[in-house]
Amino acid sequence: MSEKVVTRFAPSPTGFLHIGGARTALFNWLYSKHTGGTMLLRIEDTDRERSTEAATAAIIEGLTWLGMTWQGEPVSQFERAPRHREVAEELVRLGKAYYCYATPAELEEMREKARAEGRPPRYDGRWRDRDPSEAPKGVAGAIRIKAPSEGETIVHDLVQGEVRFPNKDLDDFIILRSDGNPTYMHAVVVDDHDMGVTNIIRGDDHLTNAARQTVIYNAMGWAVPKMAHIPLIHGADGAKLSKRHGALGVEAYRALGYLPEALLNYLARLGWSHGDDEVMSIADMISWFDIKDVNKGAARFDFAKLEALNGTHMRAMDDARLTDIFLETLPHLPGGEALAARFDDAARARLLAAMPGLKERAKTLVELADSTYFLIADRPLQFDEKAASILDAGAKKVLGDILPRFKALTEWSASSTEAAVRVYAEEEGLKLGKVAQPLRAALTGRSTSPGVFDVLAVLGREESLARISDQID
């Protein structure tokens, strides 16, 4: 029976959960779900200078908003330092590592010499085979792994294929600093082994680390997890993704009005595909995802594609669910808190009734918020520039003509108001738009909205008649 898959997402809490990290988490989560395994969360907080509680909280909040779950409590790497020390000392006992007492001046000298000879800087192994009795008194040494000096270390990568590293390039790297603190390289191996991680899925900027970490696994006689190094995300210009491309924190995408489902769909498609399928539900992604199908080449982040995909997800979503998500997200949108306070029960009911028309015209929740103004506006309405320019003398005459016809209606609905407008337009020899545009401006304060007859139905008779009356001198 094959072992159960255990993946892990292991961010450093030095800032928010950025978009590249979110995609790494997604690939780990999808692969664990697809195989019936589990995903663990480890916070790699060994860099005490830069790690913050706020960043840890932001990472957890970002994952939670995206709907990615992990098993158990998040593990703190820093808290496991005694265990990392224990393994480093065990390696010394096994003769697989040794204490090195090279001074900073000696190390600098080695670097200078390598530079002069046109070689990459490498530790020269001067303490590798010396007797521990030669150790200088009262000086704490660093522990270095005895890396193999001949042959190659091979990383069998599920995305990159077989990657070979000449052992002469690996050198005897430090696993425990002279102050007793483990290096990242060593801590990761001990944690992944102790946590039972079977599959390591991470960015391909870690590929050279994989060779060094394999040396530690082999020295301890531990099984090396299966590895998959996924390509980084680039900007539309092909350069490594940075803030100017949209390498924002996940919470920024929430404030820009993207749905979690759409963002996950977009991130999954960055570097992985399933036939020609562009639009996928979470269930589709879980069912189809296989790490072996991830491309080797970098993927390019494209805001226009994300926005279009978000619009598709919004239109496909059930109106009641979209209404709930919109109202939950509203306080996180720019200026949304004040807007959220205005959605009482009556306004919520109007929003739900208007949603079929609203979602057809919006690609983000921010655009949706802009178009909900008419549902919660107080009279007299504030008009945008375009709507104000529509309401000239001719438009006001049209409104004055249509008002008594609306007042005379016995039944108030989209179809009854439309019938009244069509009869009036025909009698006056006007195109339907010549009546609909002034009506839309008077009812919504905007020049675009859902269908004007739907707007009349959603606002109801009293509010509609009052807003039209406001515009007639």
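Helices α1 and α8 are roughly perpendicular to each other (angles of 65 to 115 degrees count as such). Their packing angle is about 85 degrees and their axes lie 10 Å apart, with axes fitted to C-alpha atoms over the stretch in contact and angles running from 0 to 180 degrees between N-to-C directions. Helix α1 spans residues 19–34 and α8 residues 260–268; helices are DSSP runs of H or I with at least four residues, and strands are runs of E with at least two.

I19, A22, R23, L26, F27 and L30 of α1 meet L263, L264, L267 and A268 of α8, contact being heavy atoms within 4.5 Å. By class this contact has 9 nonpolar, no polar and 1 charged residues.

The model is predicted: local features need pLDDT of at least 70 and side-chain atom pairs pLDDT 80 or more, while totals for chains, interfaces and linings use all residues. Residues are numbered from 1 along each chain, and side-chain values use heavy atoms, without hydrogens and water.

| Space | Volume | Lining by class |
|---|---|---|
| Largest pocket | about 1,200 Å³ | 19 nonpolar, 13 polar, 11 charged |
| Largest cavity | about 40 Å³ | 2 nonpolar, 4 polar, 2 charged |

On a 1 Å grid, a cavity holds points where a 1.4 Å probe fits but cannot get out; a pocket is an open set with protein on both sides within 12 Å along at least five of seven lines, and lining residues have an atom within 4 Å of a point.

Of the 43 residues lining the largest pocket, P11, S12, H18, D205 and H206 are closest to its centre. Helix α1 gives the most to this lining, with 6 residues.

Terms used
Angles under 35 degrees count as roughly parallel, over 145 as roughly antiparallel, 65 to 115 as roughly perpendicular and the rest as oblique. Ala, Val, Leu, Ile, Met, Phe, Trp, Tyr, Cys and Pro count as nonpolar, Asp, Glu, Lys and Arg as charged, and the others, Gly among them, as polar. Grid points are joined across faces, edges and corners, and a volume is the space filled by probe spheres set on the points.
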